[in-house]
Amino acid sequence: MQKRALSEMYASDERVGVRRLIDSYRKKEWALRAERERLSAMRSYEQKYGDCRFICGIDEAGRGPLAGPVVAGAVILPTDCEILYLNDSKKLSSAKRDALYDEIMEKALAAGVGMASPARIDEINILQATYEAMREAISKLQVRPDILLNDAVTIPGIDIPQVPIVKGDTKSVSIAAASIIAKVTRDRLMVQYDEILSGYGFAKHKGYGSQEHIAAIRRMGASPIHRQSFIKNFI
(Lines give C-alpha, C1' and ligand atoms only; values in the text may rest on other atoms or scores of the structure.)
Protein backbone atom coordinates (compact mmCIF):
# COMPACT_ATOMS: atom_id res chain seq x y z
CA MET A 1 0.00 0.00 0.00
CA GLN A 2 2.87 2.38 0.76
CA LYS A 3 4.36 1.78 -2.72
CA ARG A 4 0.99 2.42 -4.32
CA ALA A 5 0.62 5.71 -2.41
CA LEU A 6 4.09 6.78 -3.50
CA SER A 7 3.30 5.80 -7.09
CA GLU A 8 0.17 7.95 -7.07
CA MET A 9 2.02 10.81 -5.37
CA TYR A 10 4.75 10.91 -8.03
CA ALA A 11 2.56 9.91 -11.01
CA SER A 12 3.11 13.28 -12.72
CA ASP A 13 6.82 13.51 -11.90
CA GLU A 14 8.77 13.72 -15.18
CA ARG A 15 12.20 12.79 -13.82
CA VAL A 16 13.57 9.76 -15.70
CA GLY A 17 14.56 7.85 -12.58
CA VAL A 18 11.18 8.40 -10.95
CA ARG A 19 9.33 7.37 -14.15
CA ARG A 20 11.32 4.13 -14.31
CA LEU A 21 10.49 3.27 -10.70
CA ILE A 22 6.80 3.98 -11.22
CA ASP A 23 6.70 1.96 -14.47
CA SER A 24 8.47 -0.94 -12.78
CA TYR A 25 6.00 -0.88 -9.89
CA ARG A 26 3.00 -0.78 -12.22
CA LYS A 27 4.28 -3.72 -14.29
CA LYS A 28 4.69 -5.77 -11.12
CA GLU A 29 1.18 -4.79 -10.01
CA TRP A 30 -0.29 -5.84 -13.37
CA ALA A 31 1.62 -9.14 -13.29
CA LEU A 32 0.43 -9.84 -9.76
CA ARG A 33 -3.16 -9.05 -10.69
CA ALA A 34 -2.94 -11.39 -13.70
CA GLU A 35 -1.47 -14.15 -11.54
CA ARG A 36 -4.25 -13.83 -8.98
CA GLU A 37 -6.84 -13.98 -11.76
CA ARG A 38 -5.21 -17.19 -13.06
CA LEU A 39 -5.25 -18.73 -9.59
CA SER A 40 -8.88 -17.70 -9.14
CA ALA A 41 -9.77 -19.68 -12.28
CA MET A 42 -7.84 -22.67 -10.88
CA ARG A 43 -10.04 -22.63 -7.78
CA SER A 44 -13.25 -23.36 -9.70
CA TYR A 45 -13.44 -26.98 -8.54
CA GLU A 46 -12.56 -26.06 -4.98
CA GLN A 47 -15.39 -23.51 -5.08
CA LYS A 48 -17.79 -25.98 -6.68
CA TYR A 49 -17.24 -28.41 -3.80
CA GLY A 50 -16.89 -25.68 -1.21
CA ASP A 51 -19.40 -27.37 1.12
CA CYS A 52 -16.71 -30.00 1.77
CA ARG A 53 -14.42 -29.07 4.62
CA PHE A 54 -11.35 -31.04 3.48
CA ILE A 55 -10.79 -31.05 -0.29
CA CYS A 56 -7.80 -33.18 -1.29
CA GLY A 57 -5.89 -32.97 -4.56
CA ILE A 58 -4.24 -36.15 -5.88
CA ASP A 59 -1.57 -36.49 -8.58
CA GLU A 60 1.39 -38.67 -9.48
CA ALA A 61 4.88 -38.37 -10.92
CA GLY A 62 6.88 -41.03 -12.69
CA ARG A 63 4.51 -43.19 -14.69
CA GLY A 64 6.67 -42.96 -17.80
CA PRO A 65 10.31 -43.42 -16.69
CA LEU A 66 12.37 -46.56 -17.21
CA ALA A 67 13.67 -46.49 -13.64
CA GLY A 68 12.67 -45.49 -10.14
CA PRO A 69 9.33 -45.58 -8.34
CA VAL A 70 6.04 -44.00 -9.23
CA VAL A 71 5.21 -41.38 -6.59
CA ALA A 72 1.83 -39.94 -5.63
CA GLY A 73 1.05 -36.77 -3.71
CA ALA A 74 -2.08 -35.91 -1.74
CA VAL A 75 -2.58 -32.34 -0.50
CA ILE A 76 -5.32 -30.54 1.43
CA LEU A 77 -5.01 -26.74 1.30
CA PRO A 78 -6.83 -24.25 3.54
CA THR A 79 -9.83 -22.59 1.90
CA ASP A 80 -8.23 -19.14 1.95
CA CYS A 81 -4.74 -20.33 1.00
CA GLU A 82 -2.87 -18.30 -1.63
CA ILE A 83 0.27 -19.80 -3.16
CA LEU A 84 1.39 -17.60 -6.04
CA TYR A 85 2.59 -19.31 -9.24
CA LEU A 86 1.13 -22.67 -8.23
CA ASN A 87 0.79 -24.68 -11.44
CA ASP A 88 1.25 -28.05 -13.10
CA SER A 89 4.70 -29.20 -11.98
CA LYS A 90 5.74 -29.87 -15.59
CA LYS A 91 5.31 -26.18 -16.41
CA LEU A 92 7.69 -25.03 -13.67
CA SER A 93 11.47 -24.91 -13.41
CA SER A 94 13.21 -27.16 -10.91
CA ALA A 95 14.09 -24.16 -8.72
CA LYS A 96 10.49 -22.92 -8.78
CA ARG A 97 9.16 -26.38 -7.89
CA ASP A 98 11.55 -26.59 -4.94
CA ALA A 99 10.43 -23.20 -3.63
CA LEU A 100 6.75 -24.06 -4.06
CA TYR A 101 7.28 -27.44 -2.40
CA ASP A 102 8.46 -25.70 0.76
CA GLU A 103 5.55 -23.24 0.69
CA ILE A 104 2.99 -25.99 0.11
CA MET A 105 4.34 -28.09 2.96
CA GLU A 106 4.28 -25.03 5.22
CA LYS A 107 0.72 -23.94 4.37
CA ALA A 108 -1.08 -27.24 3.73
CA LEU A 109 -3.53 -28.58 6.29
CA ALA A 110 -2.30 -32.06 5.39
CA ALA A 111 0.04 -33.68 2.88
CA GLY A 112 0.84 -37.31 2.14
CA VAL A 113 3.21 -39.13 -0.21
CA GLY A 114 2.92 -42.70 -1.48
CA MET A 115 5.26 -44.78 -3.64
CA ALA A 116 5.32 -48.02 -5.60
CA SER A 117 8.73 -49.53 -6.29
CA PRO A 118 10.05 -50.65 -9.69
CA ALA A 119 9.60 -54.29 -8.61
CA ARG A 120 5.98 -53.59 -7.68
CA ILE A 121 5.43 -51.87 -11.04
CA ASP A 122 6.77 -54.98 -12.81
CA GLU A 123 4.55 -57.20 -10.66
CA ILE A 124 1.17 -55.47 -11.02
CA ASN A 125 1.70 -53.01 -13.96
CA ILE A 126 2.17 -49.25 -13.87
CA LEU A 127 -1.50 -48.28 -13.65
CA GLN A 128 -2.24 -50.52 -10.67
CA ALA A 129 1.03 -49.42 -9.03
CA THR A 130 -0.03 -45.78 -9.50
CA TYR A 131 -3.36 -46.50 -7.79
CA GLU A 132 -1.49 -48.21 -4.96
CA ALA A 133 0.79 -45.19 -4.49
CA MET A 134 -2.24 -42.88 -4.47
CA ARG A 135 -4.01 -44.96 -1.82
CA GLU A 136 -0.87 -44.85 0.32
CA ALA A 137 -0.60 -41.07 -0.07
CA ILE A 138 -4.23 -40.68 1.07
CA SER A 139 -3.64 -42.98 4.04
CA LYS A 140 -0.77 -40.77 5.23
CA LEU A 141 -2.87 -37.60 5.45
CA GLN A 142 -3.29 -36.24 8.96
CA VAL A 143 -7.03 -35.72 8.36
CA ARG A 144 -9.57 -37.68 6.34
CA PRO A 145 -10.62 -35.89 3.14
CA ASP A 146 -14.29 -35.25 2.40
CA ILE A 147 -13.68 -35.36 -1.35
CA LEU A 148 -10.81 -36.17 -3.72
CA LEU A 149 -9.97 -34.14 -6.80
CA ASN A 150 -7.90 -36.51 -8.95
CA ASP A 151 -5.84 -35.83 -12.03
CA ALA A 152 -7.83 -37.78 -14.65
CA VAL A 153 -8.29 -41.08 -12.77
CA THR A 154 -10.74 -42.75 -10.41
CA ILE A 155 -8.85 -44.69 -7.73
CA PRO A 156 -10.21 -48.18 -6.99
CA GLY A 157 -10.65 -49.28 -3.39
CA ILE A 158 -11.38 -45.81 -1.96
CA ASP A 159 -14.62 -45.04 -0.13
CA ILE A 160 -14.22 -41.25 -0.38
CA PRO A 161 -16.12 -39.39 -3.14
CA GLN A 162 -13.86 -38.74 -6.11
CA VAL A 163 -13.88 -36.26 -8.99
CA PRO A 164 -11.56 -37.19 -11.88
CA ILE A 165 -10.47 -34.05 -13.77
CA VAL A 166 -8.69 -34.33 -17.11
CA LYS A 167 -5.55 -32.16 -17.01
CA GLY A 168 -6.49 -31.44 -13.41
CA ASP A 169 -3.03 -30.14 -12.53
CA THR A 170 -3.79 -27.06 -14.66
CA LYS A 171 -7.39 -26.69 -13.46
CA SER A 172 -7.22 -27.19 -9.69
CA VAL A 173 -4.89 -25.62 -7.13
CA SER A 174 -5.19 -28.74 -4.95
CA ILE A 175 -4.12 -31.08 -7.76
CA ALA A 176 -1.34 -28.70 -8.83
CA ALA A 177 0.00 -28.72 -5.27
CA ALA A 178 -0.12 -32.53 -5.22
CA SER A 179 1.72 -32.68 -8.56
CA ILE A 180 4.55 -30.54 -7.17
CA ILE A 181 4.85 -32.62 -3.98
CA ALA A 182 5.00 -35.83 -6.03
CA LYS A 183 7.45 -34.47 -8.62
CA VAL A 184 9.89 -32.90 -6.16
CA THR A 185 9.85 -35.98 -3.93
CA ARG A 186 10.61 -38.25 -6.86
CA ASP A 187 13.29 -36.00 -8.39
CA ARG A 188 15.13 -35.74 -5.08
CA LEU A 189 15.01 -39.50 -4.71
CA MET A 190 16.48 -40.01 -8.20
CA VAL A 191 19.34 -37.65 -7.32
CA GLN A 192 20.07 -39.84 -4.29
CA TYR A 193 19.99 -42.94 -6.48
CA ASP A 194 22.51 -41.31 -8.81
CA GLU A 195 24.99 -41.08 -5.95
CA ILE A 196 24.67 -44.82 -5.31
CA LEU A 197 24.24 -46.10 -8.87
CA SER A 198 26.62 -43.91 -10.86
CA GLY A 199 26.95 -44.07 -14.60
CA TYR A 200 23.28 -44.02 -15.56
CA GLY A 201 22.76 -40.27 -15.17
CA PHE A 202 19.72 -40.53 -12.91
CA ALA A 203 20.30 -37.05 -11.47
CA LYS A 204 20.03 -35.57 -14.97
CA HIS A 205 17.19 -37.46 -16.66
CA LYS A 206 15.41 -38.71 -13.49
CA GLY A 207 14.98 -42.17 -15.01
CA TYR A 208 13.21 -41.11 -18.20
CA GLY A 209 14.18 -42.74 -21.48
CA SER A 210 16.69 -40.25 -22.84
CA GLN A 211 19.24 -41.38 -25.41
CA GLU A 212 21.94 -41.10 -22.75
CA HIS A 213 19.96 -43.31 -20.39
CA ILE A 214 19.20 -45.99 -23.00
CA ALA A 215 22.86 -46.05 -24.05
CA ALA A 216 23.88 -46.55 -20.41
CA ILE A 217 21.45 -49.45 -20.01
CA ARG A 218 22.86 -51.13 -23.12
CA ARG A 219 26.41 -50.54 -21.92
CA MET A 220 26.02 -51.42 -18.21
CA GLY A 221 22.89 -53.53 -18.07
CA ALA A 222 19.97 -52.97 -15.72
CA SER A 223 20.35 -51.51 -12.24
CA PRO A 224 18.31 -52.59 -9.20
CA ILE A 225 15.91 -49.68 -9.73
CA HIS A 226 15.15 -50.28 -13.40
CA ARG A 227 11.67 -51.44 -14.37
CA GLN A 228 12.29 -54.72 -16.14
CA SER A 229 8.96 -54.56 -17.94
CA PHE A 230 9.92 -51.16 -19.36
CA ILE A 231 13.48 -51.89 -20.52
CA LYS A 232 13.14 -55.39 -22.02
CA ASN A 233 13.52 -53.97 -25.52
CA PHE A 234 16.83 -52.33 -24.64
CA ILE A 235 18.61 -55.35 -23.18
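**Figure 1. Contacts along the whole chain.** Of the contacts (heavy atoms within 4.5 Å) between residues at least 6 apart in sequence, 63% join residues at least 24 apart. This is a predicted model, in which local features need pLDDT of at least 70, side-chain atom pairs count only at pLDDT 80 or more, and totals for chains, interfaces and linings use all residues. Residues are numbered from 1 along each chain as its sequence is written, and side-chain values use heavy atoms, with hydrogens and water left out.

Figure 2. E82 sits in the loop between strand 2 (70-76) and helix 4 (94-107), while R36 belongs to helix 2 (residues 16-41), 46 residues away. Helices (H or I, at least four residues) and strands (E, at least two) are DSSP runs, numbered from the N terminus.

Figure 3. R120 and E123 are three residues apart in helix 5 (residues 118-124), about one turn of the helix. Their closest N and O atoms are 3.1 Å apart. R120 is partly exposed at 25% relative accessible area, whereas E123 is exposed at 58% (buried is under 20%, exposed over 50%, partly exposed in between, with a 1.4 Å probe and protein chains only).

**Figure 4. K140 meets E136.** This salt bridge spans 3.0 Å from N to O. K140 is partly exposed at 46% relative accessibility, and E136 is partly exposed at 27%.

Methods
Salt bridge = Lys/Arg side-chain N within 4 Å of Asp/Glu carboxyl O.
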